[in-house]
Amino acid sequence: MLLQPLWTFLLGHLSLLQSPVFPVLFSLSAYLSCCAPFLLLDLLSSRWALVRRYKLQSQSSVSWASAWSCLALTLYNHVVFLFPVTVMHWYLRPLHLPQEAPALGRVLAQLLVCLLLFDFQSFVWHLLHHRVPWLYRSFHKVHHTFSSTSSLTTEHSGAWETLSLGFFAAMSPVLLGCHPLTELLFFLLNIWLSVEDHCGYDLPCSTHRLVPLGLYGGSRHHDLHHLRSNCNYAPYFTHWDRLAGTLQTQQD
């Protein structure tokens with residue numbers, strides 16, 4: 001019952017939750033909110049050595065022209081590609097929400113399984129789009145425009161990549177039969193971790209510093225991928241790259 005007050009509050013905005021524009025508004029607002037603290041760090045890093053010391057590529061800086069370019073592509077993909085898909089889904093599968101919230105333990109367990117499932121799906125997709133030259137040139141090269149990552153480069157990608165990874169994120173909770181609240185929480189968590197992967201900072205509170213035994217790659221892991229392009233294909237955890245022999249660390 002711990003989550004019931006939150007779920008009751010959300011049900012009080014039922015018309016918004018059932019609107020065809022809600023998924024796009026939620027995705028975009030969550031994404032920009034997750035980017036905001038790292039954009040602030042980008043502003044401060046040019047002035048404060050204390051902030052700059054945590055940058056993964058200390059010589060790099062974010063140009064606001066490139067930031068606007070990334071933001072413009074994100075908005076374009078949401079309006080031109082994601083919005084029609086959400087409208088079609090809204091029309092074909094009307095949303096019916098239960099009155100009861102899920103149990104907290106079940107939510108936490110399903111969030112972890114959703115992350116692991118999305119991590120595997122993305123690893124396979126990512127590896128294929130690097131190993132098959134046609135796939136890389138046609139679809140994934142756009143995302144590698146920047147070898148130095150920043151938060152807004154997270155969704156700097158073409159339509160196929162945006163829709164593919166969006167499909168994986170949407171299907172993971174569906175396959176597990178998750179409660180709608182669990183789905184929302186997974187989308188939030190997934191967006192945050194994706195942005196953190198691309199933020200360009202190795203902060204003391206970064207997720208990879210909180211997860212023990214090197215099980216989670218995080219921003220250092222993904223920054224190396226953008227630098228070298230031949231390693232670290234899994235977005236979050238390290239086990240798939242370790243098994244495939246594609247794991248690299250800063251010390252390699």
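Student: What is the hand of the crossing of α3 and α9?
Tutor: The crossing of α3 and α9 is right-handed. A crossing has that name if the near helix is turned clockwise from the far one by less than a right angle, and is left-handed if the turn is anticlockwise. This is a predicted model, in which local features need pLDDT of at least 70, side-chain atom pairs count only at pLDDT 80 or more, and totals for chains, interfaces and linings use all residues. Residues are numbered from 1 along each chain as its sequence is written, and side-chain values use heavy atoms, without hydrogens and water.

Student: Why is α3 called oblique to α9?
Tutor: The axes of α3 (residues 22-45) and α9 (residues 180-198) cross at roughly 40° and come within 9 Å. Angles under 35 degrees count as roughly parallel, over 145 as roughly antiparallel, 65 to 115 as roughly perpendicular and the rest as oblique. The angle therefore makes α3 oblique to α9.

Student: Which residues make that contact?
Tutor: Contact means heavy atoms within 4.5 Å. Among the residues involved are F22, F26 and Y31 of α3, and L188, W192 and E196 of α9. By class, the contact of α3 with α9 has 14 nonpolar residues, one polar and one charged. Here Ala, Val, Leu, Ile, Met, Phe, Trp, Tyr, Cys and Pro count as nonpolar, Asp, Glu, Lys and Arg as charged, and the others, Gly among them, as polar.

Student: What makes α6 and α8 roughly antiparallel?
Tutor: Helix α6 (residues 104-131) packs on α8 at an angle of about 150°, with the axes 9 Å apart. Roughly antiparallel is therefore the term for α6 and α8. Their crossing is right-handed. The contact includes F118 and W125 of α6 and F168 and P173 of α8. Its residues divide into 10 nonpolar, five polar and one charged.

Student: Why is α5 oblique to α8?
Tutor: The axes of α5 (residues 64-92) and α8 (residues 159-175) cross at roughly 40° and come within 11 Å. That angle is why α5 counts as oblique to α8. The crossing of α5 with α8 is right-handed. N77, F81, L82 and V85 of α5 touch A159, T162 and L163 of α8. This contact of α5 with α8 has five nonpolar, two polar and no charged residues.

Student: How much space lies in the second largest pocket, and which residues are closest to its centre?
Tutor: The second largest pocket holds about 250 Å³. Of the 15 residues lining this pocket, Y216, G217, R220, H221 and T249 are the closest to its centre. Helix α11 (218-228) gives the most to the lining, with three residues. By class, three lining residues are nonpolar, nine polar and three charged.

Terms used
Axes fitted to C-alpha atoms, helices over the stretch in contact; angles between N-to-C directions. Helix = DSSP H or I, 4+ residues; strand = E, 2+ residues; numbered from the N terminus. 1 Å grid on protein atoms, 1.4 Å probe; cavity = no way out; pocket = protein on both sides within 12 Å on 5 of 7 lines; lining within 4 Å. Points joined across faces, edges and corners; volume = space filled by probe spheres on them.
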